[in-house]
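Open the model in your viewer and keep the selection panel handy. The tour goes from the whole chain down to single side chains.

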Amino acid sequence: MTSYADFHRRSIEDRDAFWAEQARLIDWQTPPQTICDYSQPPFARWFVGGRTNLCHNAVDRHLKDRADQPALIWVSTETDQERVYSFRDLHAEVQRMAAALRELGVKKGDRVLIYMPMIAEAAFAMLACTRIGALHSVVFGGFASGSLASRIEDAEPVVVVSADAGSRGGKAIAYKPLLDEAIELSRHKPSSVLLVDRGLVPMNLVAGRDQLWATLRERHLNAQVPCEWVDSTHPSYTLYTSGTTGKPKGVQRDTGGYAVALAASMKHIFCGNPGETYFSTSDIGWVVGHSYIIYGPLIHGMATLMYEGLPTRPDGGIWWRLVEKYKVTVMFSAPTAIRVLKKQDPAHLTRHDLSSLRSLFLAGEPLDEPTAQWISGALKDKPIIDNYWQTETGWPILTICNGVERAPSKFGSPGKAVYGYDIKLLDDQTGQELTAPNQKGVIAIEGPLPPGCMQTVWRDDARFVSTYWSSVPNRMVYSTFDWGIRDEDGYFFILGRTDDVINVAGHRLGTREIEEAIASHPNVAEVAVVGVADQLKGQVAMAFAVLKDASILGDQAALLKLEGEVMKIVDGNLGAVARPARVRFVHVLPKTRSGKVLRRAVQAVCEGRDPGDLTTMEDPAALQQIRDMVTPA
Ligand code: PRX
């Protein structure tokens, strides 16, 4: 067996040979001629000359050996439905959806925006897009009309695929009115909206624009839509993510590099076997859902379990019941979900036969030691594997690659640099590399980014370069915007973001977006939003606002009402996921003499930490006011 150190070294030093080998894990219509073209850094082009198709690799290619094996297992504890689609069924459904999209005018290179709850049709829609070479842009169903509108405007979709409603805790959440409002707000108007009617809430259809999936599906019941072979570098999708500025970025992914990266990760990291069942508890609106609910497991010939519902309903044993019933071998979740389950009756874990399960992967936010210890004990010492990555990379940057060489985990560390990633820890002021162990620096990746990572920002190459490749002085490296340290054994520890991104229950949110929503309240003059440590959610957003009419500052009832109004604006604009835990009203915000809001100091005070050097602060009373507010009497 190769040692992991050798495997990693080879992926960097003999890059093309390494990835040429990995490329054999997928089907190509035309094999690649050039493995990596890095002639125009930082833009990497992987498997140039190769032609392939993501949907072919996820679906069609398995028809030969496993047509009647499960491909998509859909379980909804919201509507009490459970349905297993074999690869043959999935193939048929995806072709029906592809034919429907074609009928609505979707062509290769066009965008289709998918705003869907966790239902099987969402998976059909994604696969149908890549089948015909159209780009999907999935928007998380928890986002509201403002977020949706900005994404519609940027992606300019020909068609939006949506549904009447999602459901949470047994309560229907109407999607259609939010979508109508978003289209109203957006300068770009999709020509058609394809709607799945689940019968949860009534829908008002817009004549000439809105189409029902059931009708189109019926019309295309026997559709045969062959996969469109596309260049390896043809974009497969965009997925919006938050950063420092309010405007979300469309992370653009290629086709061939992504397929190879996922196939390789299924082998070397997740250690799944074709024919087994993979269960990721994420949502298709996030990158984990793209890579490890839809594409990764299916490309690898595994059945994927797609779950709509809460982890605690009908009871806290539901996920374990599903593991037992569908013999899940690989499971992927987030620390927040495990913290929720930890509060449930421990008997739920012993009541079910979990012998099929080999490992549990956790990602998206720091895995704290008590949570890791608890779940490790509860799962009787099955490996709990933390993995660190980003929407931008599409697959893990740091983890333990047990498929290459088994290695122990260290509590608090997601592990070592994954093959393909040439990781550097850099001083954020000088750009100098920190090679000695246990020094704090910015986690950066030396170009080219490996296959599967973002190609660029959708329609904005300049923003790709200026955002990701120009933030460390004196170096052209990709910045993850995360602080980290590396110990003497090469294990990394993540120490939080260097920018204004916060992580609430594993959901990545930009504080600037929340600030913009709050500032739209007529009585808000100025606002600062910071992420504050939280026992359950990892972090929560806290807002501090300055009012235009400060006369109500002493009136607690009026302030409470105002807080409610502000939260409603955030809910309506961005969605409840972005709602701050509290909105507090202050006389002034702490600023530097040059007028910059001292968010870090506010955050430190909220967390009961020392705010550090405040010599540049204009008015110390501003911070004191916040300290008095957040310190328990
Ligand atoms: O700050 C890091 C944190 O989540 C960010 C990326 O979030 P997102 O784009 O939503 O992608 C999630 C993909 C799993 C990172 O910049 N993060 C992600 N995983 C971890 C993490 N922080 C600590 N430990 C992790 N395992």
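**Whole chain**

Start with a cartoon view: the protein chain has 20 helices and 32 strands. Both are DSSP runs, numbered from the N terminus: helices are H or I with at least four residues, strands are E with at least two. The radius of gyration is 24 Å, close to the 26 Å of the globule rule for 633 residues, so the chain is as compact as a globular protein of that length. That radius is taken over C-alpha atoms, and the rule is 2.2 Å times the number of residues to the power 0.38.

This is a predicted model: local features need pLDDT of at least 70, side-chain atom pairs count only at pLDDT 80 or more, and totals for chains, interfaces and linings use all residues. Residues are numbered from 1 along each chain as its sequence is written, and side-chain values use heavy atoms, leaving out hydrogens and water.

Now show C-alpha atoms: they fill a box of roughly 70 × 60 × 55 Å along the principal axes. Next, colour by burial. Of the 633 residues, 60% count as buried, meaning under 20% relative accessible area (1.4 Å probe, protein chains only).

**Cysteines**

How many disulfides are there? The count is zero, a disulfide being a pair of cysteine sulfur atoms within 2.5 Å.

Select Cys36. Its nearest cysteine sulfur, that of Cys453, is 11 Å away. Cys36 counts as buried, at 8% relative accessibility.

Then select Cys55 and Cys227. The sulfur of Cys55 has its closest cysteine sulfur in Cys227, at 4.8 Å, too far for a bond. Cys55 is buried, at 0% relative accessibility.

How values were computed: Buried means under 20% relative accessible area, exposed over 50%, partly exposed in between (1.4 Å probe, protein chains only).
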